[in-house]
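Here is a short briefing to read alongside the structure. Keep the viewer open and follow the topics one by one.

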Amino acid sequence: MQELFAPWRFAYVSNAGASSDCVLCAAAGMGDETLTLARGERTFALLNRFPYTSGHTMVAPVAHVADLCELDAATLADLMGLVQRVVRAVRQVYQPHGFNVGFNLGEAAGAGIADHLHLHVVPRWRGDTNFMAVTADVRVLPEDLSVTRAKLRRALEVTGG
Ligand SMILES: [Zn+2]
């Protein structure tokens, strides 16, 4: 899929190669220069670099775990608690009509990073159904990611833990 507006893409591609085997592990280990939005005790939330809609966030365990069935109860609880915080913040900032929240487990199911479990939080609006992607194989990013990040981090601080 072609991106219309992707000034960050070059940096992403050049970082993703030899420096780290796992994009999510690398993001979890970095500080504020990444797209990380918030952290739980065992989990973290970060913006998706190729969002379907503004506010598209991923929530993942810090541990490099591929299988949902291997997550312990405490990490699962922490993960869902962080999902709640993200949903609250996205609601407050973007007022979407709904959300898709879920896992793609395995490459066959569409997981882009199959080795490190992550849950997608995708805000949805009536009529947003990939209108450009369907007709032109082009995706329009409605907002710069740094803007999205600033808005959501502020909202996450306001809504608290
Ligand atoms: Zn990892």
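Is His 64 buried or exposed, or something in between? With a relative accessible area of 42%, His 64 is partly exposed; that value falls between the 20% limit for buried and the 50% limit for exposed. Please keep in mind that this is a predicted model.

- For reference, the ideal angle for four tetrahedral donors is 109.5 degrees.
- His 116 is buried, at a relative accessible area of 0%, whereas His 64 is partly exposed.

**The nonpolar cores**

- The largest nonpolar core holds 20 residues, and Leu 37, Val 59, Val 121 and Leu 152 have the most contacts inside it.
- Two or more residues each come from strand S2 (36–39), strand S3 (43–47), helix H3 (73–94), strand S6 (119–124) and helix H5 (145–159).
- H3 gives the largest share of this core, with eight residues.
- Leaving aside residues up to four places away in sequence, Leu 152 touches Leu 37, Leu 47, Gly 55, Thr 57, Ala 89, Val 90, Val 93 and Tyr 94.
- There is also a second, separate core of eight residues, with Ala 27, Ala 28, Leu 46 and Met 58 among them.
- As a general point, nonpolar side chains in soluble globular proteins tend to be buried together.

- S2 and S3 run antiparallel and are joined by three bridges.
- If you want a spot to look at, Ala 38 stands opposite Ala 45 in S3.
- Arg 42 is found in the loop between S2 and S3, and its relative accessible area of 39% makes it partly exposed.
- Beyond residues up to four places away in sequence, Arg 42 touches Pro 61, Val 62, Asp 72, Ala 74, Thr 75 and Asp 78.
- Although Arg 42 and Thr 75 are 33 residues apart in sequence, their C-alpha atoms are 6.0 Å apart in space.

**Salt bridges**

- How many salt bridges does a search of the whole structure find? The search finds two.
- One links Arg 42 with Asp 72, and the closest N and O atoms are 3.3 Å apart.
- Arg 42 is in the loop between S2 and S3 and Asp 72 in the loop between S4 and H3, so the pair ties together parts 30 residues apart in sequence.
- Asp 72 counts as partly exposed, at 36% relative accessibility.
- Lys 151 and Glu 143 also meet through their side chains in a salt bridge, at 2.5 Å from N to O.
- In that pair, Lys 151 is partly exposed at 29% relative accessible area, while Glu 143 is buried at 17%.

Technical notes
Residues numbered from 1 in each chain as written. Predicted model: local features only at pLDDT ≥ 70, side-chain atom pairs only at ≥ 80, totals over all residues. Heavy atoms only, no water. Core = buried A, V, L, I, M, F, W, Y, C linked by side-chain atoms within 4.5 Å. Buried < 20%, exposed > 50% of the residue type's maximum accessible area, 1.4 Å probe, protein only. Helix = DSSP H or I, 4+ residues; strand = E, 2+ residues; numbered from the N terminus. Contact = heavy atoms within 4.5 Å. Salt bridge = Lys/Arg side-chain N within 4 Å of Asp/Glu carboxyl O. Pairing = 2+ DSSP bridges.
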